[in-house]
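Colleague: I'm new to this one. Could you walk me through how to read it?

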Amino acid sequence: MITRYGRLLAAALALLALLFACAPAQDTPAPPSTTSSAPVGDAGSEEGEEQQPVPILGEFTATGLDGEEVDQSIFTGYDVTMVNVWATFCGPCLSEMPDLGALHQEFSDQKFQVVGIVTDVVDWNGEVLSSQIDLARQIVEETGASYLHLLPSEDLQSLLLWQVNSVPTTIFVDENGSLVGSGYLGRRDAGAWRAIIQEKLAAVQGEETP
């Protein structure tokens, strides 16, 4: 009897994972938090000196889905950037992309933007998969997620993606690529994301107020 209920519970939890996030067969770590941007054992600071966190996306190069070369300057001029890590196989990722596209437009006059990172368009050797690129472009067009989407470069892998074992995972960064608050695992609807975006903007823009 216990075994039967245990199986039912496991099935229910698996269903929740399918509804809200897509995870590989690995233990899922916590999404990146404000502590994950600082390298462990940062040499070069004197004892007793306060260490400043290193921006999680402070310096990188990558390629956009349409082939454009980009770097950390994509954050310049934006108080908050929502970085959404997704994959073409992930139903929860695709279901929230129309809302993310709409929010990207809705908050465009408040120094806010959305940037996507599509994870499954390269193989284990880092080679670009043209068929997956075509699929990702089709998804972006069909969902109206017409913001910048990046391919998983070596820099993005070493800085951020090594911490991401489930998609969608979303973080928010400021103009310097530093984390704003904690990361978020799983999809949310437009209302939930709108409230979070407003909170992040208030936190950053409030700090800038004399």
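Modeller: Helices (H or I, at least four residues) and strands (E, at least two) are DSSP runs, numbered from the N terminus. This is a predicted model, where local features need pLDDT of at least 70, side-chain atom pairs count only at pLDDT 80 or more, and totals for chains, interfaces and linings use all residues. Residues are numbered from 1 along each chain as its sequence is written, and side-chain values use heavy atoms, with hydrogens and water left out.

Colleague: In which sense do β4 and β5 pair?

Modeller: Strands of a sheet pair through backbone hydrogen bonds, either parallel or antiparallel. Here β4 (residues 112–118) and β5 pair in the parallel sense, over three bridges. V115 has L148 of β5 as its bridge partner.

Colleague: What is the order of the strands in the open sheet?

Modeller: The five strands run β5-β4-β3-β6-β7, with mixed pairing. β5 (148–150) and β7 (184–185) each have a single partner strand, so one side of each lacks a neighbour in the sheet.

Colleague: Which strands does α2 touch?

Modeller: Contact means heavy atoms within 4.5 Å. α2 packs on the sheet, touching β3 (80–86), β4 and β5.

Colleague: At what angle do α2 and α3 cross?

Modeller: Axes are lines fitted to C-alpha atoms, for helices over the stretch in contact, and angles run from 0 to 180 degrees between N-to-C directions. The axes of α2 (residues 91–106) and α3 (residues 130–143) cross at roughly 45° and come within 9 Å. L94, M97 and P98 of α2 meet I139, V140 and T143 of α3 in the contact.

Terms used:
Two strands pair if DSSP finds at least two bridges between them.
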